[in-house]
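Here are some exercises to work through with the structure open beside you. Try each task before reading its solution.

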Amino acid sequence: MTPAAQRSDPLLEMRAITRDFPGVRALDGVTFSARRGEVHALVGENGAGKSTLIKVLSGVYPHGQYGGTIVLDGREQRFGGVRDAERAGIAVIHQELALVKQLSVAENVFLGAERLRAPGVLDWTAMRAQATLVLERVGLRVHPMTLVGELGIGAQQLVEIARALARDARLLVLDEPTAALTESETDTLLALINGLRERGVTAIYISHRLHEVRRIADRITVLRDGRTVCTESVADMPEERIIHNMVGRELAHMYPHRERVAGEVVLDVANWTVRDPADGRVAVRDVSFSVRRGEILGIAGLMGAGRSELVMSISGAWGRRQAGALQLAGQPIHVHGPREAIACGIALVTEDRRRFGLVPDMDVKQNTTLASLRRISRRGVLDHAAETRLARGFVDEMHTRVASLEQPVRTLSGGNQQKVLIARGLMTEPRVLFLDEPTRGIDVGARVEVYGILNDLVDRGVAVVMVSSELPEVLGMSDRVLVMHEGRLAAELSRTAADAATVMRYATGGKP
Amino acid sequence: MQWARGNAKQYTMILALAVIWVVFAFLTDGMFVSARNISNLIVQTVTTAILAIGVVLVIVSGHIDLSVGSVLGFTGAVCATLMISQGWGVVPSVLATLVVGLAIGAWHGFWVAYRKVPAFIVTLASMLAFRGLIIGITGGQTQGMEMAPPTEAERFMWIGQGYQPTWRPAVDGQVHDSSMLVAVVVIAALVLVQWRSRLARLRNGLAVLPAWLDALRVLGLTVVVAAFAGVMVFYQGLPWSVLLLLVLAGLLSFVARDTTFGRRLYAIGGNPEAARLAGIDVPRNTLGLFMVMGVMSAIAGIVCTSRLNAATTSAGQNAELDAIAAAVIGGASLMGGEGTVLGALVGALVMASLDNGMSLMNLDITWQYVIKGLILLIAVWADMARRRATH
């Protein structure tokens, strides 16, 4: 740890930052500061203004588009664009990695800041040597000429950080850096951030994962509705208090589990084995389980355990089935694609909303009805009135916050987009609803609402299968828990038998 | 409000068209806006417009069709050959040509949808191949329709050159009675549709413009349609080809907005993976799309041959670029998922107006091409800048 005196010295001060969008004030006098050599976490619900604040800081919104002042190292900064901010030593590591997969690690590290031998001529020797050094600093042991596309997500993240360091970044902004990482990759990353802190690098750490925030941060700033709620040292901010500040209300029951009795078996999966169509690897191996009417079945496991692959393949969305059979209410069914799955009463809400779920330019009602066009048409002609009526029903029931049913779905917050996609699944009147990471990237308030929706569904007799990487969520919401490890079913636990330690033991390949 | 904003774009287009017309009216001392010229202009637009309203659906679906010009030329030549060499009548020749168009579309659709070859490549291949086949089928000679049996040739000419007949004997400069009736019916239908749509939106609790603004909007539309119709009514009447275009545009607009097929195309263009996971049969709808495009190209080919009264080896050359430009000027996004049939129609009119106006000004052909290119560039840039601003 660096001396406390140096710690208290502010590197960055953002004073009274205000930013307006047509009709909304996204930031309303936000104050934020980061001391030299600290990790400062920025938390808040989606829409609280975190990304907007970062965009102001990194020059995406140039000087003049916001109110207030940015002071870096005691000097006021007026960034005219991203490059100005970069030159001042601010580097943003985005949620979606900004790497060119077809280029090597060294080329990516120096992308836009290439070392040159002569004007326009690359100095490969220097770049390779410097890349090696900087890769060492981030603890990534790969050859600098490796193509980035061959690296895993965790390693790619490290390349991004290496890139920032190669540019002498003094202030690292990490936006949800662990969202796509496995546990061990997360540990590596957090250790790296710790190491950089000791060498004086300042980091702003944005994450929904509060336990990580508490592990890594020195101080925490909570934003809500475009305002700073508080900035406190991490010792004064237990998790409940962070949540309280984020939502502005007590979350009495974060996981509102309801007591219920499971009904008859709806879906039976036997000896399910699936290969990855891309590389032929066995992703799911000999998995058997059943889903009952009126229960939530949770599927836990680490990243890459085959959970998504399991639910995607059962819903006909992915994979090459090698062996296995499905029975729906005792009748054998054959699912060759999403269309057949939907017709059988199996609906899937995918993990990656933007890639697999939303049609961004379509409006709320069109996105809602997309999987059930037959229900709102006769002989191929759409009944707009019926479409509006049905879509409005879902919006009202789920309390989806939309300005209008004709609002493009891309303009909604993550939580509301997720509700639209759940509505799309429900509109197909499924008997089994699969949800893959249903609360990923959505804020705490919306999360609790999604849980309520799932409970209501179960009460109405739908069987819900939920894949989740968040252990508290799986344990809090499920009536039964399946644990997967390396493509296999490692354990099936009842609600009472499932506790965090047991689930983690099975998920990491441990024996009972 | 979203809805109003979406529509505002189309009114901007119409406004842009009006501006172009006013500018040319001044630059040509009113020659541009003479009834005769406007009537000609619209007739000249028909083939491009028929292609454009088909191409816009292809673009909406996230694909492209570079072959429409060559297919237009080829199908036009097929139709001419059937009538000339085979001595077929108009009806069987036209029907056979439409089937040929359908088959060509199915060929494209097969490669794009089921063999996953990018549409750009599939249709680029066809653009070359059919340009060659035109030469093959015509023997490299212009096939004049006067070589066909005279009665059939005359009936064929109607499609591209004919005007609606009058009940009273036609006199120059006098009101063309049957066209007048069509115009009145169209305007009445327009007002009725707008009125019913407003009522339906109110009933479904969707946002509507304030009554006075909506009335003003419908009045504006009525004036535009009346102005167009007026030109026809006081000149030689409504050409059959224009009526055909209007019917086709109405039909495709209906397909795009009010059918499951149309909705699926927007979804496929907007996010193909999401469409697939929502249970949409992406390959089948893609095949259907290209078949529609094939038929539209064949219709354009027939109209073109009829209007020129001949099948030429150069028919439809560069027409794909005009059609794509028209669709894009009309607001279609080459990224897929966005675009309207009416937009493409207005876009085609913009392109044709530029052609016609610049020719009337005797502008050097060099500059005609350059200006058209620049206008396309600026139009798309303006549209993207607007979109970025609203995001």
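A residue counts as buried if 20 or more other C-beta atoms lie within 10 Å of its own, with C-beta atoms placed from the backbone. Keep in mind that this is a predicted model.

**Exercise 1.** Find out why strand β9 of chain A can be called largely enclosed by the rest of the structure.

*Solution.* Start with the strand itself, residues 171–175 of chain A. Apply the cut-off above to each residue: four of the five are buried, so β9(A) is largely enclosed by the rest of the structure.

Next, look at what lies beside the strand. β6(A), residues 90–93, runs parallel to β9(A) and is joined to it by four bridges. One pair to check is Ala91(A), whose bridge partner in β9(A) is Leu172(A). β10(A), residues 202–206, also pairs with β9(A) in the parallel sense, over five bridges. Here Leu172(A) stands opposite Ala203(A), and Leu174(A) has Tyr205(A) as its bridge partner.

Finally, follow the chain from β9(A) to β10(A).

**Exercise 2.** Work out the order of the strands in the open sheet of chain A, and name its edge strands.

*Solution.* Begin with β3(A), residues 39–43, which pairs in the parallel sense with β11(A), residues 219–224, over four bridges. Val43(A) stands opposite Val222(A) in β11(A).

Then step from β11(A) to β12(A), residues 227–233: the two run antiparallel and are joined by six bridges. Arg219(A) faces Ser233(A) in this pairing. The two strands form a hairpin with two residues between them, and Asp225(A) in the turn has a positive phi of about 50°.

Now assemble the sheet. Its six strands come in the order β6-β9-β10-β3-β11-β12, with mixed pairing. The edge strands are β6 and β12 of chain A, each of which pairs on one side only. Ignoring direction, neighbouring strands are turned by 20° against each other on average.

**Exercise 3.** Describe how helices α9 and α14 of chain B pack.

*Solution.* Two numbers come first, since two packed helices are described by the angle between their axes and the distance between the axes. For α9(B), residues 240–258, and α14(B), residues 341–360, the angle is about 145° and the axes are 8 Å apart.

Then list the residues that meet. Ala249(B), Leu252(B), Ser253(B) and Ala256(B) come from α9(B), while Val341(B), Leu342(B) and Leu345(B) come from α14(B). By type, this contact has six nonpolar residues, one polar and no charged.

**Exercise 4.** Which residues have the most contacts inside the largest nonpolar core?

*Solution.* The core has 181 residues, and those with the most contacts inside it are Val483(A), Ile50(B), Ala52(B), Val56(B) and Ala327(B). Helix α2(B), residues 35–60, supplies the largest share, 16 residues.

Take Val483(A) as a case. Leaving aside its neighbours within four places in sequence, its contacts include Ala300(A), Leu493(A), Val503(A) and Tyr506(A). A second, separate core has 70 residues, among them Leu42(A), Ile93(A), Val109(A) and Val173(A).

**Exercise 5.** Characterise the side of chain B that touches chain A.

*Solution.* The contact takes 26 residues from chain B and 33 residues from chain A. On the chain B side, α1, α10 and α11 are the elements that give two or more residues. α10(B) gives the most, with six residues. Sorted by type, this side has eleven nonpolar, nine polar and six charged residues.

Methods. Residues are numbered from 1 along each chain as its sequence is written. Chains are lettered from A and ligands numbered from 1 in the order in which they are written. This is a predicted model: local features need pLDDT of at least 70, side-chain atom pairs count only at pLDDT 80 or more; totals for chains, interfaces and linings use all residues. Two residues are in contact if their C-beta atoms, placed from the backbone, lie within 7 Å. Ala, Val, Leu, Ile, Met, Phe, Trp, Tyr, Cys and Pro count as nonpolar, Asp, Glu, Lys and Arg as charged, and the others, Gly among them, as polar. A residue is buried if 20 or more other C-beta atoms lie within 10 Å of its own, exposed if 12 or fewer, and partly exposed in between; C-beta atoms are placed from the backbone. Two strands pair if DSSP finds at least two bridges between them. Axes are lines fitted to C-alpha atoms, for helices over the stretch in contact, and angles run from 0 to 180 degrees between N-to-C directions. A nonpolar core is a set of buried Ala, Val, Leu, Ile, Met, Phe, Trp, Tyr and Cys residues joined through C-beta atoms within 7 Å.
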